[in-house]
Amino acid sequence: MEQDSSRESPSQEGSSLPGEPPSSALGQSFSQVLHRLTSQESRRGKTRSAALQDLGALIEATECDQLFEGSGTSLRGMPEMLGQVAKALEKYAAPPKEQEGRGHANAEVAEKAAAVGLLFLKLLGKVEAAKNSLLCPTWKIGLRHLAGPIYIFAVTHSLEQPWTSPRAHEVAGEVLSLLLRVTQCGSVAGFLHGENEDEKGRFTVIMELLKPDLNKESWKKNPATKHVFSWTLQQVTRPWLNEHLERILPPSLLISDDYQTENKILGVHCVHHIVLNVAVLLCLLDLFPVLEKGLHWKGGAARPTTHCDEVLQLILTHMEPEHRLLLRRTYARNLPAFVKRLGILTVRHLKRLERVIVGYLEVYDGPEEEARLKILETLKLLMQYAWPRVSCRLVVLLKALLKLICDVARDPNLTPEPVKNTLLEEATDCLILLDHCSQGQVKGLLVKTLQSCEDSKVVNCIRKVQQVSEGASYDGT
């Protein structure tokens, strides 16, 4: 498993900080326990079990003012050492690789988790005692180093997974509850994004701790990491998720691109959450060129699908059955940009786009008609980029546009007049483009409609289509 500085465990006995030996007997004691937990020579279960027992006794015997004391002129001595111990404990209780996690191995993980959870409860108990004491102002520094690893441990063993047991699940739940109480957070969401505007929250810290185990080479080595990432991501919504897009999108796409169905579904849920909660969804389009550097079409074979294809497919999948107007507007608002980015390659999604366009044009969207206006914009772009494939969809699109024009024209009072006029203009422009794409077929089909129609607004739209079509030759645009 690849490691960076945030997940690295020290391997030299007697060291608490890089280049800074512990300055107290207490620091040396913790350093020795840490070495027994992490060194290559101490892989045997009995050695580590003894280390856990010694650690528990050490925590119980130490007063909170000593536990969070600084080191010389630095306030980080013991707090940072405790952070390293917490990381080592979280790693010790982590489940093995997926192919190794069977039967006895899972039972062993659950047993370790229960023991580690009790140690975390003791540590957090000391933090809580220090918090209530005027003699130990450095408890906040200690909590800052402990909170991330303890959170990852608690979520890992709170989820219903093969490596958990009722006992481990119970202890992990107690750890998470105490962590929220000590940090004065009313919920996991508040813990992650901050309870108020002045508080940063710990989402960035958690993502940085998970990052080494979420790259292409390492993400399957710890089967819990993807679940912790997914569950944590789901807790944070708009507007807090916006600033984290660069951290959360690559792992989500990586997981969704896996060959295993379980991972695909998990990744799709992550991407869907991002789509719904990143207000600046168009930032995705700016990131795609960076993520797709290696995907260059060399001709001959079919063009490879891209992340943009995958996200558009996901958006369309959720657009079709969606009935909530707010989400319909959110989806429709961003659809034109995806069509622009894909250009002619939008033909890959033509069938589903057709269904979405027709379905959304049928539904009144409120006084501003934002969704229907954006769908008309999408349709215009689609006909410009994929015009050779449009003529075979002539009848379906013509019916949808005429129905929209008739509905808007006959709307007595629901929609403001300026919005009605804009809708009629955009729908008329779509009819003109559709006529060009079908080499003048629309104009011929509208003749009988013009003869039988009595609504002046509808008649004006049809006449405009005929007039523009008569004065313009088909040029394939």
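Predicted model: local features only at pLDDT ≥ 70, side-chain atom pairs only at ≥ 80, totals over all residues.
## Aromatic pairs, ring-charge contacts and cysteines

F120 is buried, with a relative accessible area of 0%.

**Aromatic pairs.** Two aromatic pairs are present in the structure. In one of them, the ring centres of F120 and F153 lie 5.2 Å apart and the planes meet at 65 degrees, so the pair is edge-to-face; the cut-off for that class is over 60 degrees. F120 belongs to helix α5 (residues 104–131) and F153 to helix α6 (residues 139–158), so the contact ties together parts that are 33 residues apart in sequence. F153 counts as buried, at 1% relative accessibility.

The rings of Y151 and F191 form a pair with centres 5.4 Å apart and planes at 20 degrees, so this pair is stacked. Here the planes fall under the 30 degrees required for stacking. Y151 is in helix α6 and F191 in helix α8 (residues 188–193), and the pair links distant parts of the chain, 40 residues apart. Y151 is buried, with a relative accessible area of 0%, and F191 also counts as buried, at 0% relative accessibility.

| Charged residue | Ring | Distance to ring centre |
|---|---|---|
| K112 | Y92 | 4.8 Å |
| R328 | Y360 | 3.8 Å |

In the contact of K112 with Y92, the charged end of the lysine sits over the ring. The charged end of R328 likewise sits over the ring of Y360.

**Cysteines.** A disulfide is a covalent bond between the sulfur atoms of two cysteines. The structure holds zero disulfides. C461 is in no disulfide, and the nearest cysteine sulfur, that of C406, is 9.1 Å away. C461 is buried, with a relative accessible area of 7%. C430 counts as buried too, at 0% relative accessibility.

T449 is placed in helix α20 (residues 441–452). Is T449 buried, partly exposed or exposed? At 26% relative accessibility, T449 counts as partly exposed, because the buried class ends under 20% and the exposed class begins over 50%. T449 and I462 are 13 residues apart in sequence, and their C-alpha atoms are 8.4 Å apart in space.

Technical notes. Residues numbered from 1 in each chain as written. Heavy atoms only, no water. Disulfide = S-S within 2.5 Å. Buried < 20%, exposed > 50% of the residue type's maximum accessible area, 1.4 Å probe, protein only. Phe/Tyr/Trp six-rings, centres within 6.5 Å; stacked < 30°, edge-to-face > 60°. Helix = DSSP H or I, 4+ residues; strand = E, 2+ residues; numbered from the N terminus. Lys NZ or Arg CZ within 6 Å of the ring centre and 35° of its normal.
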